[in-house]
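Here are my notes on this one, written as numbered points. Keep the structure open while you read, and take them in order.

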Amino acid sequence: MTNEQYQEAVEWLFVQAPNYQIDGEKAYKPGLDNIRKLCAFFGNPQDKIKCVHIGGTNGKGSTSNMLASVLQESGYKTGLYNSPHLIDFTERIKVNGKNCDKQFVVDFIQKLQHLPEDIQPSFFEFTTIMAFEYFYRQKVDFAIIEVGLGGRLDSTNIITPLVSAITNVQLDHQNILGNTIEEIAFEKAGIIKNNIPVIFGDDNEVVKSIIKAKAEKENSLLIDATHIEADLKSDLEGSYQVKNIKVVLALIEELKKLGVLISEQNIEKGLLNVQRNTGFIGRWFEFSKNPLIICDTGHNQAGLEYVFQQLENIDKHKHVILGFVNDKKIDEVMALLPENSRFYFAKPAIHRGRHPKDYEDLLLKTKINYKIFDSVQEAYLSAKQDCRESEMIFVGGSNFVVGEFLEKNLEISK
């Protein structure tokens, strides 16, 4: 198999199957009937693997990768399903930090052509069954499955996990999940299964009451991770990781109750070597030291609040590259922008990417110093030219902005 054959297969999949990342709301297929039919067609591989289910608005990726790293340090063959990918499709499906085999991807995509006519999977539904099948074939000890969108109606919610976690609940994807925190909490709580323990990592009392009510209804043990005392560190930078670490520790305790052998040393080493063990990048990722360039995929209001708070702690003048997709509430973001930075707004190179000219009326109402660019790379090259040695560059606002930046520049930096 050549790389061209792989690229052709993946491009065909993007074209054939509706993809939320590219097409937005019209590609979202709520409900589990389709994924049930799809899984049944492939022999229900999800029932043949031991899973951990991780949902929430922010922190899903960090939490799932930290847990995977700890399990790997403990000697377990660990599958990891995350979305979206930043650079290559195979990042979504990993075993012990190694991306999914490209030949498997090509072969599996070909099977799309033989599906019954009553099964018309979305992009995410198809990648979900692909992950289940890959983990089954690889004979993983554990598969960590990250919720794609919401929870109750998400394709991943077909699994019966050993334990579940909901990292937090914030406003995001309101056009699909609901306009209030209560409505979104109801959707996130949908991953809670009968008699399956669930970890919760949010101190919002309104949200907590909704999660608690669902757990009681399902006779599920609810563990409040916010009460855990922990001073452990991770190589995943960002002050927000403190809360994610607590969720990971709670998950580990529940797994240990099931006989999973994990030592304190495994935990410490696992948390400190997440990037090495799983290849996870994107959350407060240090692209370079000179000049200091930080990337972060935080993209909703709560995620960006964390990011800008973290940036405030760095005593350097900042050049901030941002880009957004069409469904982003730009006015909420504008209110968060620090005035003492220089901004470079760019259009992500996807169909849903929003050109900064479309929201320049909002920019003009602020006091910020900004420029507008047609692409992320143009914005980066301008920021790099403006940036002095004592200053820094930040890249974020969207997964697609970070992915586009890394795809263009990661190889160059090596």
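1. Let's start with Glu264: its relative accessible area is 48%, so this residue counts as partly exposed (buried means under 20%, exposed over 50%, partly exposed in between, with a 1.4 Å probe and protein chains only). Its side chain meets that of Lys256 in a salt bridge, 4.0 Å from N to O (the rule asks for a side-chain nitrogen of Lys or Arg within 4 Å of a carboxyl oxygen of Asp or Glu).

2. Before going on, a word on the source: this is a predicted model, where local features need pLDDT of at least 70 and side-chain atom pairs count only at pLDDT 80 or more, while totals for chains, interfaces and linings use all residues. Residues are numbered from 1 along each chain as its sequence is written, and side-chain values use heavy atoms, leaving out hydrogens and water.

3. How far can you trust it? The average pLDDT (the predictor's confidence in each residue, from 0 to 100) is 90, and 93% of the residues score at least 70. Over residues 19-28, though, the pLDDT is below 50.

4. Lys256 is partly exposed at 29% relative accessibility, and so is Glu253 at 40%.

5. Another pair to look up is Lys289 and Glu286, whose side chains meet in a salt bridge at 2.7 Å, N to O. Here Lys289 is exposed at 66%, whereas Glu286 is partly exposed at 36%.

6. Now find the open sheet: 8 strands in the order S4-S3-S2-S5-S1-S6-S7-S8, with mixed pairing (two strands pair if DSSP finds at least two bridges between them). At the edges are S4 (98-99) and S8 (222-224), each pairing on one side only.

7. Which residues touch the most other members of the largest nonpolar core? They are Met130 and Phe135, in a core of 38 residues (a set of buried Ala, Val, Leu, Ile, Met, Phe, Trp, Tyr and Cys residues joined through side-chain atoms within 4.5 Å).

How values were computed:
Helices (H or I, at least four residues) and strands (E, at least two) are DSSP runs, numbered from the N terminus. Contact means heavy atoms within 4.5 Å.
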